[in-house]
Amino acid sequence: KDSIWNYDFIAKAFEPNVKDTIAKKVESTTAKKNNNPEIDIKELLCNNIHFEMNDAWAGQNMHYAFNTLQLNIDELNLPKKLINIKKLEIDAANILVEEYKGGKPKKIKIIDSADWGTPFNPNHFSLTLQELSIKNTNFSFINGDIHSIPNEFDATNMQFENININILNAKVVADTLFADIKKFEVKDRCGLAVKSLTAKLKLSQVQAQLSEMTLETNNSFLQ
């Protein structure tokens, strides 16, 4: 519950000395003259992925588990700022985010909202994703002690089950995300179930729009 991580001794072991610092400055200067990193990834397949981070200092725990994660890339060209993904498929993921009072003292500071609404893609990368598929996934968010009332929504205790999503033709143009939502299914702890959602999505920091939307829940239908 302090600011020292359990891997801090590893970080200190790799701290640069004076000679290392000078060498890195020379390498950095050389890299800037020839700034052309080459990364070639066509396919990535991972099974039984587990990641956990427990931060009692900040007061947040994150647990991720994926049965399968598969990524197929058509083009990855960082110098030209091009990322074209053919398919990203996630199956049977379980994600838990917990927030609670940590050991870190709270600092009173003035919130600077000057950059609110600014583009999230300042380097103007061109990103396309032909298909995103998420199947049989659960997501939970818990904030503090839970005193939820059954069958009522509680923002401090959100548990989404049976998440199934299929999105086609996603792309980022400047600072706006466009995508075709072909399938969206989820069930919340409070009893609300989204049985079907299809729409054309337009999302930026100043607008969230669902056009040509069809929404069916366990209690309603909207078109």
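**Close-ups of a predicted model**

**View 1. D188 and its contacts: skipping its neighbours within four places in sequence, D188 is in contact (heavy atoms within 4.5 Å) with F153, Q159 and F160.** This is a predicted model, where local features need pLDDT of at least 70 and side-chain atom pairs count only at pLDDT 80 or more, while totals for chains, interfaces and linings use all residues. Residues are numbered from 1 along each chain as its sequence is written, and side-chain values use heavy atoms, leaving out hydrogens and water. D188 sits in strand β6, residues 176-188 (strands are DSSP runs of E, at least two residues; helices are runs of H or I, at least four; both are numbered from the N terminus). D188 is buried (under 20% relative accessible area; exposed is over 50%, partly exposed in between; 1.4 Å probe, protein chains only), yet has no salt bridge (a Lys or Arg side-chain nitrogen within 4 Å of an Asp or Glu carboxyl oxygen). What is the nearest side chain of opposite charge to D188? That would be R189, 5.6 Å away.

View 2. Look for N166 facing K183 of β6. Two residues separate the strands in the β5-β6 hairpin, and A174 there takes a positive phi near 60°. The β6-β7 hairpin has four residues between its strands, with G191 at a positive phi near 115°.

**View 3. β2 pairs with β1 and with β3.** In the turn of their hairpin, which puts four residues between the strands, G59 has a positive phi of about 85°. β2 and strand β3 (residues 82-99) are antiparallel too, over 16 bridges; E75 partners N84 in β3. K81 has a positive phi of about 60° in the turn of the β2-β3 hairpin, again with four residues between the strands.

**View 4. I39, I41, L44 and L78 make a nonpolar surface patch of about 290 Å².** I41 belongs to the loop between α2 (18-33) and β1 (43-55). Is I41 buried or partly exposed? Partly exposed, with a relative accessible area of 36%.

How values were computed: Patches are made of residues with over 30% relative accessible area and no salt bridge: like charges are joined within 9 Å, nonpolar side chains (Val, Leu, Ile, Met, Phe, Trp, Tyr) within 5 Å. Accessible areas come from the Shrake-Rupley method with a 1.4 Å probe; for residues, only the protein chains shown count as cover. Lys and Arg count as positive and Asp and Glu as negative; His and the chain ends are not counted. Two strands pair if DSSP finds at least two bridges between them.
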